[in-house]
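Here's a quick look at a protein model with some ligands and a sheet. Have the coordinates open as you read.

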Amino acid sequence: MLNRYLRPFVFSLAFTGRVLAAPPKTVPVIPVVSKITAYGDLVDPGLNRDSCSSSLWSTNKMLWVCRDTQQVLSNGTIGPNSIVNSASFSAMPNPPNDPQQLLLNSPESFGHVFYAMEPDECGQGLCENGICYPGLCSDGSRWVGWPDTGPVVTFRGSLGVVNAYAFITQQHLSGLSVLNTTGYELYHVTSGIDLEGNILPSTTKHIDSFWTSTQIGYGSAASVVHDGFAYLYGATPNRKLAVARAVLMGLVPSLEDPSVYEYYVNGTWTRTAPVSTDPTIVLPNTSAIQGTIYYSPKWESFVSIGGDGFPDANFLISTSPKAEGPWSAPTQFYSGAVGNGSLGAYSAVAHPGLTDGTGDYIFLTWTKTHPDVNGRDVYEQPLVRVDWE
Ligand SMILES: *[C@@H]1O[C@H](CO)[C@@H](O)[C@H](O)[C@H]1NC(C)=O
Ligand SMILES: *[C@@H]1O[C@H](CO)[C@@H](O)[C@H](O)[C@H]1NC(C)=O
Ligand SMILES: *[C@@H]1O[C@H](CO)[C@@H](O)[C@H](O)[C@H]1NC(C)=O
Ligand SMILES: *[C@@H]1O[C@H](CO)[C@@H](O)[C@H](O)[C@H]1NC(C)=O
Ligand SMILES: *[C@@H]1O[C@H](CO)[C@@H](O)[C@H](O)[C@H]1NC(C)=O
């Protein structure tokens, strides 16, 4: 696993990369499903969690980051308030001949916010029964930092040492209506030596409005590390994707320095960050409905897997020889069950970190809901493995 990520980096240092890389494939890839294996719902003891995404963290260990997280009370009902985001670890799933539910371990007790809110985002929050809910304001409005994708890992060392970054949209909501999007926060997500593997990464270092409200939130929608670059995708105002890339330099590549970035604008990479409304940054055939982008050696292609939007969990797939396109027209390859709660189904994402990296198969999850006895939504997140022909 370590080699898989270090190899492209070392390669690009030694040879300036693309000169020796194989020419991009010109024949479009046509993904065909050979087998579907259901693993049941993710197991999340004591917690009711919305929309988890994941990153391969260290050898055989996944980091999961989820949105709204509530307590499951001792009588089985769902607690009233939500922590805005939370994190867990898991092991790797079983092989498909013995599919078992995957356990998400939460080393911190309920109440720990993984990506903290800023003081001016009702960061202290409202407190009830000894638990504070950062982001909840006294006027009933709410600031959220909902992760749409797992952190992008730029270094995996030995003994559990990891260096990663997360880009989180800073949003002020009334109910589910957006009052304001004030920018995109950059969190430095790091693990030190952790032999037991049960200390959650630190996120204490963060940069408020790393991307401003008039820029694209690069990295907030999806990211993929390939051939010495971190490719970072963000939503455009018309709900497509735009992409930036950061060159990975040094032993522990940093994404905090603006000079490592280039932006894909009007068909070319440029050093000047565009405004979010620039029509020439929109990548054709992409969608900003939540999803995942990864690289498949099997297809020698970048792969985008995502949903067709609330209230369904129809999974669409699109491929491209390069991170910036041309992306093929998305086609549907799987349809997840919809729940009977108020929110149906959404957050159709993929989990490339749960695979062996060959591209022969992928894992999917989505969120569906059903009501508890008090009518509060209970989140279920089915895990499914899809093997490709
Ligand atoms: C379950 O426990 C909570 C907290 O103690 C309580 O408020 C609630 O009334 C209980 N029962 C139901 C059906 O919600
Ligand atoms: C949105 O946030 C910006 C930046 O903090 C602020 O200047 C503006 O007044 C806010 N707009 C609304 C409608 O709250
Ligand atoms: C985009 O690039 C094309 C040539 O590739 C050029 O003709 C056009 O003027 C450019 N558009 C903008 C808005 O810069
Ligand atoms: C979108 O995908 C279709 C099918 O692969 C392709 O024919 C078309 O050229 C793509 N559009 C663009 C603008 O790349
Ligand atoms: C709603 O879905 C849940 C589980 O997903 C199931 O247990 C329950 O029976 C369903 N309720 C109705 C009214 O269909």
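Which residue of β21 is the bridge partner of G306? It's L316.

## Ground rules

This is a predicted model, where local features need pLDDT of at least 70, side-chain atom pairs need pLDDT 80 or more, and totals for chains, interfaces and linings use all residues. Residues count from 1 along each chain as written, chains are lettered from A and ligands numbered from 1 in written order, and side-chain values use heavy atoms, leaving out hydrogens and water.

## The sheet

β20 (301-307) and β21 (313-320) run antiparallel, joined by 6 bridges. Strands here are DSSP E runs of at least two residues, numbered from the N terminus, and a pair takes at least two DSSP bridges.

Both belong to an open, antiparallel sheet of 4 strands, ordered β19-β20-β21-β22. β19 (291-296) and β22 (331-336) sit at the edges with a single partner strand each, so one side of each has no neighbour in the sheet.

## Ligand 4

P284, N285, W327, S328 and A329 surround ligand 4 (a heavy atom within 4 Å). A backbone N or O atom of A329 is 2.9 Å from one of the ligand 4 oxygen atoms (polar contacts are N or O pairs within 3.5 Å).

## Ligand 5

Around ligand 5 you'll find N340, K368, H370 and E380. A polar side-chain atom of N340 comes 2.5 Å from an oxygen atom of ligand 5, while for a side-chain N or O atom of E380 the distance to a ligand 5 oxygen is 3.2 Å.

Methods:
A polar contact is a pair of N or O atoms within 3.5 Å; within protein, one must be able to donate a hydrogen and the other to accept it, and residues adjacent in sequence count only if both atoms are side-chain atoms.
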